[in-house]
Amino acid sequence: HYWRSRGFAVLDVDYRGSTGYGREYRDKLKGKWGIYDIDDAVAGAQHLVNQGLVSPDHLAINGGSAGGFTTLSTLTFRSKFNAGCSRYGIGDLEILARDTHKFESRYLDGLVGPYPEKKEVYLERSPINYTTKLHVPILLLQGAEDKVVPPNQAQAMYDAVKSAGLPCCLKVYAGEQHGFRKAVNIRDSIDSELSFYARLFKFKVAGGALPLPIVNLDDIAEADKALLPSAMSCWGPLCGVRGRE
């Protein structure tokens, strides 16, 4: 509702491997995480473009946790989207396999393959190893006390994107773990994402945007001057594609 009430078209993708469609559909993602999920996200966005419902120049993708991995992978290995936001997402599958907490430590055996036997697959599907392919701005939102996807994942992606000269922002929330719990941080994270897109796509936020420093976004003053005068006149063609958590 937050995004729709602000003029965004939202596509929530139940990519292959999602629940609710039977065992066969659920099992399709086994060994294919980082392939089918991004293929389906891209196909969904392209379908909306083909229908004339959204602008191909204003496509954003976001997701948290597993959806954050899909977001980072899609932005790295595909060229469909113009920006993205990863919430406590995974940039390095190998480090996740080694660092995550015990309860989820073997999840990747089914989604990617047993580690370290399939180490080469982990390396091939980790966005952090292919940052030279990144070409669009990224916002990274992370909990400081996350034990499932530790903050070093977001920090590594931020450092890589920053070094590549791409606009990026990393916000780490003190006291938050895997998924934000405090109302003030939930609101701040959503408003930050809106501000991120407003700066990139040059539209005004009704009531004013949350201040958000974006590294490598040159000439902030001039960018602000270029903001469109009417929010609703430009929000219609914007589209957000969401990965599943």
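Mentor: Let us begin with a definition: a residue is called buried when its relative accessible area is under 20%. Please keep in mind that this model is predicted.

Trainee: Why is L140 counted as buried?

Mentor: The relative accessibility of L140 is 2%; the cut-off is under 20%, so L140 counts as buried. L140 is found in strand 4.

Trainee: Which residues does L140 touch, leaving out those up to four places away in sequence?

Mentor: L140 touches L72, S86, A154, M157, Y158, C169, L170 and K171. A contact requires heavy atoms within 4.5 Å. As for C-alpha atoms, those of L140 and G68 are separated by 9.1 Å, although the two residues are 72 apart along the chain.

Trainee: What makes A160 a buried residue?

Mentor: A160 has a relative accessible area of 16%, and the limit is under 20%, so A160 is buried. A160 is found in helix 7. Apart from neighbours within four places in sequence, A160 is in contact with I128 and T131. A160 and T131 are 29 residues apart in sequence, and their C-alpha atoms are 6.4 Å apart in space.

Trainee: Why does T74 count as buried?

Mentor: T74 has 1% relative accessibility, and a value under 20% is what the term requires, so T74 counts as buried. T74 lies in helix 3. Its contacts, leaving aside neighbours within four places in sequence, are I38, V42, I61 and F81.

Trainee: Which residues of helix 7 are buried, and why are they said to line one face?

Mentor: Q153, A154, M157, Y158, A160 and V161 are buried in helix 7. Seen down the helix axis, the buried residues fall within an arc of 165°, so they line one face of helix 7. They pack against helix 3 (66-77), helix 4 (93-99), strand 4 (138-143) and strand 5 (168-173).

Trainee: How does the span of helix 8 compare with the one expected?

Mentor: Helix 8, residues 183-201, has 19 residues and reaches 27 Å from its first C-alpha to its last, close to the 27 Å expected at 1.5 Å a residue. Helix 8 is followed by K202, whose phi is positive, near 60°.

Trainee: What makes strand 3 mostly covered?

Mentor: In strand 3 (residues 83-87), 5 of its 5 residues are buried. Both faces are covered: A83, C85 and R87 are buried on one side, and G84 and S86 on the other.

Trainee: How do you know that strand 3 pairs with strand 2 and with strand 4?

Mentor: Two strands pair if there are at least two bridges between them. Strand 2 (residues 59-64) and strand 3 pair in the parallel sense over 5 bridges, and 4 bridges join strand 3 to strand 4, which run parallel. Each number meets the requirement of at least two, so both are pairings. In the pairing with strand 4, the bridge partner of G84 is I138. On the other pairing, A60 stands opposite A83 in strand 3. The chain crosses from strand 2 through helix 3 to strand 3, and this β-α-β crossover is right-handed.

Trainee: How many aromatic pairs are found in the whole structure?

Mentor: The search finds 13 aromatic pairs. W3 and F8 form one that is edge-to-face, with 5.0 Å centre to centre and 75° between the planes.

Trainee: What can be said of the protein as a whole?

Mentor: The protein has 10 helices and 6 strands. Buried residues make up 51% of its 245 residues.

Terms used. Residues numbered from 1 in each chain as written. Predicted model: local features only at pLDDT ≥ 70, side-chain atom pairs only at ≥ 80, totals over all residues. Heavy atoms only, no water. Buried < 20%, exposed > 50% of the residue type's maximum accessible area, 1.4 Å probe, protein only. Arc of directions from axis to C-beta. Right-handed = clockwise from strand over helix to strand, strands pointing away. Phe/Tyr/Trp six-rings, centres within 6.5 Å; stacked < 30°, edge-to-face > 60°. Expected span 1.5 Å × (residues − 1).
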